[in-house]
Amino acid sequence: MPDPILLVEGGGGGSTVPVLILLVALAGFALAYFVVGPGRRKGPKRYADIPLAMRPYHSDEELETTGMERAMAWGVALATFAALFLPLYWLIEPTRIEGQVQAFYEQDVADGRIEYQNACAQCHGTNLEGGSAPHPDPDIDVAWPAPALDNIVARYEDSEVVLDVHDFITRTIERGRPGTPMPQFGVGFGGVYSDQQVSAIVTYILSVQTGEVPEPDAEAFVGRSGDDLFANHCATCHGFEGEGYVGPQLLNVFERYGWDPDDETSRETARAVVRHTIENGRAVPAATPMPAFDQVLTAEAIEEIIDHIESFQVTGGPRYGQVGGDPVPAADEDEES
Ligand code: HEC
Ligand code: HEC
């Protein structure tokens with residue numbers, strides 16, 4: 001890994017050639033100006049006491065010979081300069097710009113790496129491999145997983161909810177994930193990092209992508225109950241009883257999607273919506289999104305979880321899941337539905 005500082009200097013060095021050309025050209029012109037051009041000293045102050053506009057000018061003869069020749073010589077000199085300097089400049093400039101862009105990029109990666117190690121590594125891992133953080137509720141003794149960031153681009157490649165991963169990462173860092181251990185970092189959202197610093201962190205994260213998303217380990221799910229799987233993957237956000245936390249309560253989620261206990265088709269429809277949500281996740285503007293689990297759980301494990309959710313479905317209760325609000329009142333106490 002080349003030293004980024006050296007690269008910065010290397011990139012900046014690209015501009016010395018045009019600057020040198022310019023300096024030499026300027027020196028040449030200065031010389032010409034004072035030796036033969038209008039800047040040279042004009043002998044004794046012959047006309048010192050005659051106002052400018054009334055001083056005699058060159059004779060016609062002089063104007064048509066030496067005067068004209070001098071003007072033409074200047075023209076030739078300038079044209080030669082333009083003919084030499086401009087193409088040279090044109091040849092060198094793109095390389096110089098490239099060097100500069102590369103230098104800025106390397107500098108961002110270097111800055112971003114430092115900020116990342118300071119502010120993110122304790123949860124997301126020194127090598128962005130992922131980790132965890134304590135649950136914000138001190139009474140809940142379950143670690144909250146902090147996703148791996150070294151494969152975040154690949155993870156969201158085919159996502160139907162995250163369409164622009166660069167923007168997604170930036171917004172997540174700026175705003176944090178309310179209700180989860182992920183803090184906000186953008187100054188505009190009460191954090192400590194300027195746009196520039198956030199952007200450097202994003203550049204760093206994007207520069208170390210492995211592109212590999214591990215397949216869910218099918219073995220690890222064999223024989224595990226839906227209850228257990230729910231507690232491990234869903235309860236941090238939806239509560240251990242499905243009562244809701246950062247995510248909505250799921251106690252009557254089937255009914256929200258049209259379930260009627262007497263109608264088998266409606267049960268299948270509700271299961272399909274829930275399945276689709278679990279597999280693909282949901283974007284929630286400016287709040288904590290529902291993650292996608294299609295790369296985390298096997299299809300069988302997802303069915304186990306849906307069975308478990310179905311097992312605690314009630315009818316009645318609020319139509320919408322409250323996010324982070326009070327747990328849903330027991331169905332029979334609720335008059336609003
Ligand atoms: C205190 C622990 C903690 C710290 C510090 C922290 N994060 Fe997070 N981060 C989390 C957790 C937990 C999540 C998952 C939240 C959730 O479940 O939605 C998360 C989620 C994210 C996500 C979204 C990942 C995804 O796939 O949805 C990104 C991006 C992210 N963090 C970047 C950062 C960056 C960059 C920093 C440092 C500037 C940082 N985090 C610092 C705990 C942390
Ligand atoms: C990081 C937090 C988080 C985790 C973990 C999580 N969810 Fe969610 N979930 C949410 C949020 C937030 C929403 C609300 C999305 C919205 O408003 O559209 C949601 C919505 C849902 C919904 C739809 C609710 C409705 O009324 O439309 C279902 C079903 C669901 N989650 C199931 C699960 C299951 C099953 C798991 C575990 C495999 C899980 N969730 C894990 C945060 C989470």
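Which residues come nearest to ligand 2? I began there, keeping in mind that this is a predicted model, in which local features need pLDDT of at least 70, side-chain atom pairs count only at pLDDT 80 or more, and totals for chains, interfaces and linings use all residues. Residues are numbered from 1 along each chain as its sequence is written, while chains are lettered from A and ligands numbered from 1 in the order in which they are written.

I found 24 residues around ligand 2, of which Cys234, Cys237, Gly247, Arg282 and Met290 come nearest; a residue is near if its C-beta atom, placed from the backbone, lies within 6 Å of the molecule. Two or more residues of this shell come from each of helix H10 (235–238), helix H11 (253–256) and helix H12 (264–280), where helices are DSSP runs of H or I with at least four residues, strands are runs of E with at least two, and both are numbered from the N terminus.

Next I looked up glutamine 196, which lies in helix H7 (residues 195–207). I noted it as exposed because it has 10 C-beta neighbours inside 10 Å, the cut-off for exposed being 12 or fewer other C-beta atoms within 10 Å, with C-beta atoms placed from the backbone. Its C-alpha atom is 9.7 Å from that of glycine 112, 84 residues away along the chain.

Last, I recorded 13 helices and 2 strands for the protein chain.

Terms used:
A residue is buried if 20 or more other C-beta atoms lie within 10 Å of its own, exposed if 12 or fewer, and partly exposed in between; C-beta atoms are placed from the backbone.
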